Amino acid sequence: ITKSGNVGIGPTSPGTSLHIQSGSSGGATLFGTHSGGIAIEDDGTRPGLEFLMTNTAIAAIRFNSVTYNNDGAVEYDAANRLLKFRAGSAEGMRIQSDGNVGIGTTTPGAKLHVSGTANVIELTQSAVGSATYYVMDNTVETGGKRYRFGYSGASADKGSFTIYNQTDNITPLTILTDGNVGIGTTGPGAKLHVYESGAASV
């Protein structure tokens with residue numbers, strides 16, 4: 001215990017209020033009883049838990065139950081600079097230093113890379129009349145557009161699929177549940193119905 005009140009368990013010169021350090025072959029375990037857990041409190045705006053380690057270490061917060069040992073974990077791989085999330089023995093998600101997120105893959109090649117064998121991504125409508133769609137937006141560019149791909153709850157044909165240009169408030173493509181495809185029209189009356197204002201429909 002230093003004159004400033006810092007407590008060290010392991011180190012002789014603790015740099016914080018409580019500094020726990022162990023040898024390279026062991027680990028440190030901290031038990032707390034504050035509402036059944038450990039409380040980290042700070043008078044400032046950024047309280048936190050910091051892991052100090054070598055450049056090749058793997059720091060982890062592990063979860064154990066009575067039945068299963070090491071049943072889940074959040075791990076940081078310092079050598080590869082990535083954060084991994086694991087439930088059971090399987091890694092579920094990782095975040096790389098370049099910001100790419102992988103779900104079901106350990107080599108994400110995009111900002112969000114999802115890999116699986118079935119139902120890789122599922123969007124479910126949660127209320128009657130609501131919409132279910134993907135959004136693609138490049139309005140950061142001059143002349144860029146914001147598009148929605150999916151199902152519109154406002155459509156009379158609830159199973160219809162549309163591509164909607166939200167920027168210009170137009171629907172370039174509509175596919176109805178009967179198989180009719182509309183280009184420039186949301187109510188195609190044939191298998192392929194092309195409409196342009198001021199011109200004959202096809």
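The model is predicted. Its sheet is open and has six strands, ordered β3-β4-β5-β6-β7-β8, with mixed pairing. Because β3 (58-63) and β8 (112-114) are the edge strands and have a single partner strand each, one side of each lacks a neighbour in the sheet. Direction ignored, neighbouring strands of this sheet are turned by 15 degrees against each other on average.

**Pairing of β4 and β5**
- Strand β4 (residues 72-77) is paired with β5 in the antiparallel sense, over six bridges.
- Within this pair, Y76 lies opposite L83 of β5.
- The two strands β4 and β5 make a hairpin with four residues between them.
- In the turn of that hairpin, R81 has a positive phi of about 55 degrees.

**Pairing of β5 and β6**
- Strand β5 (residues 82-87) also pairs with strand β6 (residues 90-96), in the antiparallel sense and over six bridges.
- L83 stands opposite I95 in β6, and Y76 stands opposite L83 in β5.
- F85 has M93 in β6 as its bridge partner.
- β5 and β6 form a hairpin with two residues between them.
- G88, in the turn of this hairpin, has a positive phi of about 70 degrees.

**Side chains along β5**
- In a regular strand, side chains alternate between the two faces of the sheet.
- The side chains of β5 alternate: L82, K84 and R86 point to one face and are buried.

Terms used
Residues are numbered from 1 along each chain as its sequence is written. This is a predicted model: local features need pLDDT of at least 70, side-chain atom pairs count only at pLDDT 80 or more; totals for chains, interfaces and linings use all residues. Side-chain values use heavy atoms; hydrogens and water are left out. Two strands pair if DSSP finds at least two bridges between them. Axes are lines fitted to C-alpha atoms, for helices over the stretch in contact, and angles run from 0 to 180 degrees between N-to-C directions. Buried means under 20% relative accessible area, exposed over 50%, partly exposed in between (1.4 Å probe, protein chains only).
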